[in-house]
Amino acid sequence: MIPCCDATLRGSQFPKRCGRWKCPTVWRAFAGVVVLAALGNSAFGLTFTDNSLDFAYRYEANDLPNVETTEGWDLVTNPATLTGDSFTTSAGILSWSSPLAGGRWWRQTDSTDAWNTQILSNTSYSIECRVRVTESDGALPGLHVAADNGVYGGWFSVGTNDIRLGTSTSYNVLASGLDNASDYHVFRFDYNATATSFDVYRDDQLLASNQQATAAASNRLYFGDASSSGSGTVNLDYFRWDPVTSPPADTTIVTFGDSTTAPRTVDGQPLYIYSNILRDELPGKGVNADVINAGIGGNTTADAIARLDSDVRSYDPDVVVVQFGINDSKVEVSQGATTPRVDLADYVANLTTIVETLKADGVRVILMTPNALSWTDTLLERYGQPPYDPNDPMGFNATLTDYVEAVRTIAATEDVELVDIYQTYLDYQNVPDQDINDLLLDGIHPNAVGHRIVADRLLATIPEPSAAALLISVLLLLPWVIKSYHRR
C-alpha cells in the first residue's frame, strides 16, 4: 500500500483508510500527469530535429549538376566555352579550379523544382552550402550564392578569409579574419520575408543579422572569381535550399532603440547582441518569434517618433521592447552645449507618445531603462566637464539618471512592463571583484557580456505562462486548499 503524505492522515494506508479525494499524493501525481501531457515529448527530450531533413531541395556533389542529373539546373558558362577540366566530382565533392577569370556558374532554370519558381516575394527561405575555398583573388572571390525572389535579392560571396554581402553596386565585408581554406564550413543564408532581410551563419555561428541587400541576381552559384580578373579554387560538398526555413512565427517582437540595440561589429566580427540572443533562445522557452532589430545609432526619442510607423508599426508587432535615453540626455560639452540634446520634458512627452501609440495598437510594450555608463580616457577628454563629474567613477551618468527615473515613472503611469537595465548594471558593479566596465565596450555600448545580461532579463520577462501552465499551478495548489478545508 502507498502511505499517504498528508500529515493529518499519516499512518493511514491508501486507499484503505485515506479517501482519495483528500490525499495530496494523488493530487500531486495527477498534476504531474497533466504536466507531462502539457509538455509532450519535450519533457523527455524527444523533440530533436535533424536540420538536414528540413530542406526540400538538395544537391549532393556526386555528379556534375545538369538538367539530366539535377532537376531544375542549367549549366551556364561565360566565356561560352567551358573545358571539362574546370569542374570535377570525386568522393562526393565538386571541385572547380582555374586560373581563368570567373563567370562560370550553375543556375536554376524555370523548372517547377527550381528554387526561383518556389520562392515567392512573401516567402522566407534558407540557402545552405558546405564549402572550402582554398584560393581566391580579384574583387569577388570564391563561391557566390545568389538568390532573387523577384522583389528582393541577396548575393553572398565566400572567400578564403571573409564573407561579403553584395549590393547592386558593391560587395560589403560582413566578416573577415576567417579561415575558409583549411577545412570545410557550412554557410547558411536565411531570408526573413517579414523583415525583408538576411541573417548569415557560418557553422551555426551568426556572422551578421538583418542585412538589407539588393542585387541584380538570378538564382545561381558562381565558382571562382566572378570579376573580370582573378582565379579561384572551390570545393563543394553539398548545396541545399528550401522556401520554408521554419514554421510561421507566433509572435513578432521588435527591439526599438539606439546604438545599444543596433547590430554592431567588433574587430571585424559581429557582436552577439541581445536581439539575436532572443531570436535564438526564445523558442526554447516556448516562444516562436520573429525578432526584428529596429535599433539605429545616434537616435533620440525624437528620431524614434519619426520612424515609429515605418520601422515598428509596419511589422504589426505583438511585443515591442523600447530603450532610448542615452542620446537624449547627452550634453555635447565639447561643442559648447550646456543642455541635453532632448530636454527632459520633451523626452517624457516623446516616450509617452511612443508607448501610448503602441498600446492603442494592442501591442505589449516593454520599457527598458538605458544601461549605465562609465568613464574611459576618450570619454573624459570629450565630456570631462560640467554637468558631468570627471572625478566620480560614475560621473558620466550625471544627466542620464533623470531620464532613467523618467522611464520608471512612465512605465508605472502607463501600466507597462519595466526592465530596469540601468539598475541591473549597477547591481552587477556592486558585487565584489566586478566592475561595470566588464559590461561595456567603450564606456557606453554593451559588450557581449552586457548584451547577455540584457537578454537574460528579457528572456525572464517575455514568455508568458500558457493556459496549461496556469491549470497546472491550480492543480498543484489544490491539495493544500483541500487540506485546509478538511482541518476546519
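**Salt bridges in a predicted model**

At 23% relative accessibility, Asp311 counts as partly exposed, a label for anything between buried (under 20% relative accessible area) and exposed (over 50%), using a 1.4 Å probe and protein chains only. Its partner is Arg307, and their side chains meet in a salt bridge at 2.9 Å, N to O. Arg307 itself is buried, at 9% relative accessibility.

A quick word on the ground rules. This is a predicted model, where local features need pLDDT of at least 70 and side-chain atom pairs count only at pLDDT 80 or more, while totals for chains, interfaces and linings use all residues. Residues are numbered from 1 along each chain as its sequence is written, and side-chain values use heavy atoms, with hydrogens and water left out.

So what makes a salt bridge? It takes a side-chain nitrogen of Lys or Arg within 4 Å of a carboxyl oxygen of Asp or Glu. By this rule there are 15 salt bridges.

One of them joins Arg279 and Asp199, at 2.6 Å from N to O. Arg279 lies in helix α3 (residues 274–281) and Asp199 in strand β14 (residues 197–202), so this pair ties together parts 80 residues apart in sequence. Helices (H or I, at least four residues) and strands (E, at least two) are DSSP runs, numbered from the N terminus. Arg279 is buried, at 16% relative accessible area, and Asp199 is buried too, at 12%.

Next, look at Arg364 and Glu417, whose side chains meet at 2.7 Å, N to O. Arg364 sits in strand β23 (residues 364–368) and Glu417 in strand β24 (residues 417–419), so the pair links parts 53 residues apart in sequence. Arg364 is buried at 16% relative accessibility, whereas Glu417 is partly exposed at 28%.

Finally, Arg188, Asp190 and Asp204 are linked in a network of salt bridges.
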